[in-house]
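Please have a look at the structure as it comes up, and then I will walk through it piece by piece.

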Amino acid sequence: MSLEQQPRIGTLHAEAVHTLAQRVRGRLIQPADAGYETARIIHNAAYQHKPRVIVQAADAGDVIATVQFAREQGVSLAVRSGGHSISGLSSSDAVVLDFSHMKAITVDPERRTARIEPGATWGEVNTATQEHGLAIPAGDTASVGVGGLTTGGGIGWLSRKYGLTIDSLLAAEVVTADGRLVRASADEHPDLFWAIRGGGGNFGIITAFEFRAHPVGMVVGGAIFYDAADGEKVLRGWADYAAGAPDELTTIVFMMHAPPLPFIPPEKHGTPVIALGLVYTGDLAEGQRVVQPLRELATPIVDITSPMPYPAIYALTAEAGTPGHFAEVRSMFMDALDDDAIATIMRQMNSISSPFGIIQLRVLGGAMARVSTDATAFAHREQGIFLAAINVWMDPADSLIHHAWADRFYEDMRPYGHGVYVNFLGDEGEGRVREAYPPATYARLEALKDTYDPTNVFNRNQNIKPTVQQRSEEAA
Ligand SMILES: Cc1cc2nc3c(=O)[nH]c(=O)nc-3n(C[C@H](O)[C@H](O)[C@H](O)COP(=O)(O)OP(=O)(O)OC[C@H]3O[C@@H](n4cnc5c(N)ncnc54)[C@H](O)[C@@H]3O)c2cc1C
């Protein structure tokens, strides 16, 4: 029977699905199968796709088979590692390639390297590397996956000391759009290696990452909580101090309504606060000294900074890892944080539509800024500040209100910033995907898309279209 004569499951041919099921070593799940509902869910509940086929890959061979299947069927292929895509791109109504069973982590403490499969979460990686007193720079939340965070760049608790996640990437095993498994590193397919470090999932599917790990054990970490009434003073003092602080100190500001945690005074629960999260990696006594001025920006509500094992900092954001909430994001970079910008951010905070929404600010710089802007596809190396708003809510009936706040936030903050971080990019259209890269970087990515994925097999991502597709769309 030819493909065209085969019965279809939605847009898929039943016989081809059956053949794929026979071919893969992992599990192929269809809507009627047990476990389908759990398998289809991603972190952001705003996206409720119903994939026709979910392949829970067991190895690179399964990835190759699934890529070939999606190509032959001409359907969209979503790739899911940790499932934290804020814009829902790791699910689709066609085919999902799910790495939740490819989580192997092998640490080589002698060489200070680690080989990690994409479905591992950064929490799992932290636990495995910490056994050897090592860490790999990741993000701020333990449940985020290695696959998505790394391919977008990875800004986190160690960025100023050890750079972005991609700055510690030594090599990757990549399945290309034509179904080959290749190794990408500084010496092997260096152009592909450049593109996957910030270009998202556009260029191939990574089946394993090899990272350099760094000596990180006990750190000074935690958060200093301030009343939002002191917001302008706290943000001004923090931004000025953190930018000039030693690289050992990385800070992340979370502006939010205080969660009902036992260490926060009950009368402050649900009130707007500024949590100044931090990690100092280095000598602990020196760390306490460096952190001290941040404790004196105003009168703290509570200060939970102390020496702790590095992975303990992730307890601070554990709640953000809970799946099933609805979320919308807007982000941008800023050269610096001027007083007008601070006043506007405070107004946004005071008008946020959901008590679960967060405005986040990070002072960048340090090691991530010392990498040349053209060394990787992530090129926002010289930016001083990263600003993001993540509006989060529980009831889908309220979605319009919360989306509207995110849009307002973006419009009001736009005059102060530029660009966008691809890992904090919502469903904001093609123009914003271009803004994730400076023009020269985008042009280089486009050329590499033509080389590695000319028919745009990998399109379920913040998509960089091959030029052939752009031309045919323009002609249509
Ligand atoms: C609560 C929360 C906290 C966050 N904190 C940070 C942070 O501190 N720093 C930061 O930098 N980012 C952060 N992010 C953003 C995060 O990095 C991105 O959402 C990232 O895509 C999530 O990775 P994942 O593997 O969980 O995602 P998934 O949803 O599984 O994948 C997202 C996308 O990544 C690509 N992708 C995933 N796996 C692969 C693969 N194996 N090969 C090729 N492409 C792949 C695909 O295009 C996919 O659509 C956070 C997100 C959330 C929800």
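Let me begin with strand β12, where 6 of the 8 residues are buried, so that β12 is largely enclosed by the rest of the structure. A residue counts as buried if 20 or more other C-beta atoms lie within 10 Å of its own, as exposed if 12 or fewer do, and as partly exposed in between, with the C-beta atoms placed from the backbone. Helices (H or I, at least four residues) and strands (E, at least two) are DSSP runs, numbered from the N terminus.

Before going on, two remarks on what is on the screen. This is a predicted model, in which local features need pLDDT of at least 70 and side-chain atom pairs count only at pLDDT 80 or more, while totals for chains, interfaces and linings use all residues. Residues are numbered from 1 along each chain as its sequence is written.

Now, which sheet does β12 belong to? It is an open sheet of 5 strands, in the order β7-β8-β12-β10-β11, with antiparallel pairing; two strands pair if DSSP finds at least two bridges between them. The edge strands, each of which pairs on one side only, are β7 (105–108) and β11 (181–185). On average, neighbouring strands of this sheet are turned by 15° against each other, with direction ignored.

Going through the pairs, β8 and β12 are antiparallel and share 4 bridges, and here Thr113 stands opposite Arg212 in β12. Between β10 and β12, which also run antiparallel, there are 6 bridges, and Val174 has Ile206 in β12 as its bridge partner. Strand β10 (residues 169–175) is joined to the antiparallel β11 by 5 bridges, with Val175 partnered by Leu181 in β11.

Helix α3 (residues 60–73) packs on this sheet, where it touches β10, β11 and β12 (205–212), and its direction makes about 50° with that of β10. Helix α4 (residues 122–130) packs on the sheet too, touching β7 and β8 (113–116), at about 30° to the direction of β7. Two residues are in contact if their C-beta atoms, placed from the backbone, lie within 7 Å; axes are lines fitted to C-alpha atoms, for helices over the stretch in contact, and angles run from 0 to 180 degrees between N-to-C directions.

How do helix α1 (residues 14–23) and α3 pack? Their angle is about 170°, and their axes are 10 Å apart. They are therefore roughly antiparallel to each other, since angles over 145 degrees count as roughly antiparallel, under 35 as roughly parallel, 65 to 115 as roughly perpendicular and the rest as oblique. On the α1 side, Ala16, Leu20 and Arg23 meet Ala65, Thr66, Phe69, Glu72 and Gln73 in α3.

Leu20, in helix α1, is buried, with 22 other C-beta atoms within 10 Å. Leaving aside its neighbours within four places in sequence, Leu20 is in contact with Leu28, Ala65, Thr66 and Phe69.

Finally, we come to the ligand, which has 36 residues around it, Gly82, Gly145, Gly147, Gly148 and Gly201 coming nearest; a residue is near a molecule or strand if its C-beta atom, placed from the backbone, lies within 6 Å of it. At least two residues of this shell come from each of β5 (77–80), α5 (146–152) and β12, and α5 gives the most, with 5 residues.
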